[in-house]
Amino acid sequence: MTGKFRDKIIYWRYFILIWAKALRLFVTHNPVKVIRLFFRYPWLRTLLKVSAFYARLCGNRQGRYLEGVAVTFVDGLVRYVAEHLEEVFLGSKKVIILEGILSREMFKAMGFNTYLAELHSMLMPLVSAHALEPYIDKGENYGVPADICSYHKGNVGMLLSREYPDSVALVTSNSPCDQYVGMYTLMEMELGLPVYRIDIPYNFTTDRATDYVTGELRDLIRKLERDTSCRMDWDRLREMCEERNRSLEVELELWETMRAKPAPLAAEAVYLAHWVVDRLGIGDPSGTRLYKRLLHLAQANLAEGIGALPRERYRLLLWNVPPFHFIDIISWAEREWGVALIMEALSYNRLSPIDTGSQETMLRGIAQSFTYAPMARHSRGPAENFLNDLFHAYRTYNIDMVWTGANIGCKKSAALLGILRERCRAADIPLLIFNFDIMDPRTITPDNIKEQVRTFMENTMSAGH
Ligand code: SF4
């Protein structure tokens with residue numbers, strides 16, 4: 001069988017599996033009830049464009065790399081999103097709306113279903129670049145300043161459209177940024193739900209901060225048990241933490257393979273797997289299985305000396321949030337210059353496994369995972385939090401260049417970019433800082449982003465085609 005023919009089989013096999021997973025909802029539930037959801041929550045209709053998103057990510061990849069991206073897409077993204085929506089919209093348990101950076105295991109162990117409060121804002125531009133725009137506009141028309149991060153404007157628009165599921169409570173924190181806190185205050189007013197806030201110290205890396213947040217979690221459990229019929233099942237929590245640790249172990253092995261030149265996998269087969277397992281599948285054996293599949297593919301490529309890309313020329317570290325509406329910037333750069341995305345900031349962290357020895361140690365581990373949440377771990381506290389991980393990843397993975405997105409609505413990272421420029425210059429690290437808007441392709445278009453990248457690749461990296 002030729003390589004091209006095998007790639008076609010892989011591509012179409014997973015394409016069919018996407019729809020098989022989606023159609024399962026209609027078979028296992030009353031189809032009329034499922035169809036009604038698409039009218040009650042119009043944002044769900046965006047998800048019907050999932051095939052086009054799949055084609056953008058998988059259409060130009062090949063071999064085991066194609067399989068890695070496809071398996072992440074289907075067994076990770078599609079599976080978890082479908083399960084998440086099924087639990088929330090069709091399940092019978094009480095639903096808690098959970099701030100996007102808080103992980104769900106503690107609440108699952110208490111018997112709640114959790115709705116990731118910003119799921120739609122993350123998913124819609126990924127699946128279809130312009131899908132969030134009406135919600136962003138609604139947020140702006142309501143009075144949210146235009147220069148606020150579009151992630152929040154989209155959430156406000158969703159809130160005003162009344163597209164949040166029925167829930168019993170809202171759990172949030174004061175992290176990662178002030179805009180987030182402002183958005184949750186509005187959410188509290190509009191949804192009229194009881195709100196539980198976890199206070200996270202600004203400099204969260206000390207033992208004292210972990211002690212403090214652990215106390216916050218104890219207090220939160222006490223209040224949720226007092227106000228609802230749900231109770232903490234510590235054995236269930238231990239199981240989930242142990243599973244989380246097993247996932248971490250396999251993921252670290254996968255990351256270890258990424259040190260090889262050429263890298264055996266890249267981009268979505270590494271970072272997207274982390275995003276979906278970490279946010280939607282944490283503590284579930286399916287996450288460990290997904291990482292094992294990816295590790296197996298990476299090891300097979302390593303054994304044969306095959307790289308993910310036909311010709312890896314530049315190893316990229318992407319730091320700060322990426323443009324969600326133009327996430328295929330990576331597959332575009334792969335084709336243009338042989339750029340392999342090795343690691344990115346929302347995935348990269350260096351937390352230890354959770355100690356499951358006692359209730360207290362488990363809560364400490366979860367407290368750390370909340371404080372070191374994606375985005376929060378690099379945008380709160382001293383600049384070292386942003387810089388140290390970056391330079392550690394740069395050294396660990398033999399990186400050739402760093403790209404940092406300057407999201408126009410993110411005041412926190414804007415403040416760090418000057419320091420980053422100086423530090424990279426001193427260390428002789430090629431650095432691209434590109435302007436973009438995280439969720440809105442109208443302000444800085446994908447073509448404009450491409451132009452910024454092209455100028456950097458040609459002038460700084462001297463990359464021809
Ligand atoms: S990108 Fe910046 S402004 Fe937007 S949510 Fe993240 S930390 Fe906040």
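Author: Start with F456. Leaving out residues up to four places away in sequence, F456 touches M401, W403, P430, L431, L432 and M461. This is a predicted model. F456 is found in helix α19, residues 446–459. Is F456 buried or exposed? Its relative accessible area is 5%, under the 20% cut-off, so F456 is buried.

W403 is among the residues with the most contacts inside the largest nonpolar core. Helix α4, residues 63–90, gives the most to it, with 15 residues. A second, separate core has 30 residues, including L98, I198, L224 and W234. As a general point, nonpolar side chains in soluble globular proteins tend to be buried together.

Now take W43. Apart from its neighbours within four places in sequence, W43 is in contact with L85, Y115, L119, H120, L123, M124, Y135, M158 and E163.

Next, helix α17. F456 and E384 are 72 residues apart along the chain, and their C-alpha atoms are separated by 26 Å. Helix α17 covers residues 384–396. How far apart are its end C-alpha atoms? They are 17 Å apart. At 1.5 Å a residue, its 13 residues should span 18 Å, so the two values agree.

Which residues of α17 are buried? They are N385, F386, L387, D389, L390, F391, A393, Y394 and T396. In general, an α-helix has 3.6 residues a turn, so residues three or four places apart point the same way. The buried residues of α17 pack against β5 (314–319), α16 (376–379), β7 (401–407) and α18 (411–426).

What follows the helix? N398 has a positive phi of about 50°, although it is not a glycine. Its relative accessibility is 37%, so N398 counts as partly exposed.

D428 also has a positive phi, near 60°, and is a residue other than glycine. D428 lies in the loop between α18 and β8 (431–436). At 68% relative accessibility, over the 50% cut-off, D428 counts as exposed.

N320 lies in the loop between β5 and α14 (329–337). Its relative accessibility is 11%, so N320 counts as buried. Two polar contacts can be named for its side chain. It reaches the backbone oxygen of G405 at 3.1 Å. It also makes a polar contact with the side chain of S413, at 3.2 Å. How does N320 stand to W43, and how far apart are the two in space? They are 277 residues apart in sequence and 26 Å apart, C-alpha to C-alpha.

S347 is another buried loop residue. It sits in the loop between β6 (339–344) and α15 (359–371). Its relative accessible area is 2%, so S347 is buried. A polar contact of 2.3 Å joins the side chains of S347 and E344. Not counting residues up to four places away in sequence, S347 touches W255, Y271, H274, W275 and R377.

Then the ligand. Which residues surround the ligand? They are C149, Y151, H152, C177, Q179, Y180, M375, N407 and C410. Helices α8 (150–160) and α9 (178–191) are the elements that give two or more residues to this shell. By class, the shell has 6 nonpolar, 3 polar and no charged residues.

The bond from S175 to P176 is cis, with omega near 5°. P176 lies in the loop between β3 (169–173) and α9. A cis bond also joins K261 and P262, with omega about 0°. P262 is found in the loop between α11 (234–257) and α12 (271–280).

Key: Residues numbered from 1 in each chain as written. Predicted model: local features only at pLDDT ≥ 70, side-chain atom pairs only at ≥ 80, totals over all residues. Heavy atoms only, no water. Helix = DSSP H or I, 4+ residues; strand = E, 2+ residues; numbered from the N terminus. Expected span 1.5 Å × (residues − 1). Buried < 20%, exposed > 50% of the residue type's maximum accessible area, 1.4 Å probe, protein only. Contact = heavy atoms within 4.5 Å. Near = heavy atom within 4 Å. Nonpolar A, V, L, I, M, F, W, Y, C, P; charged D, E, K, R; others polar. Core = buried A, V, L, I, M, F, W, Y, C linked by side-chain atoms within 4.5 Å. Polar contact = N/O pair within 3.5 Å; in protein donor to acceptor, adjacent residues only side chain to side chain.
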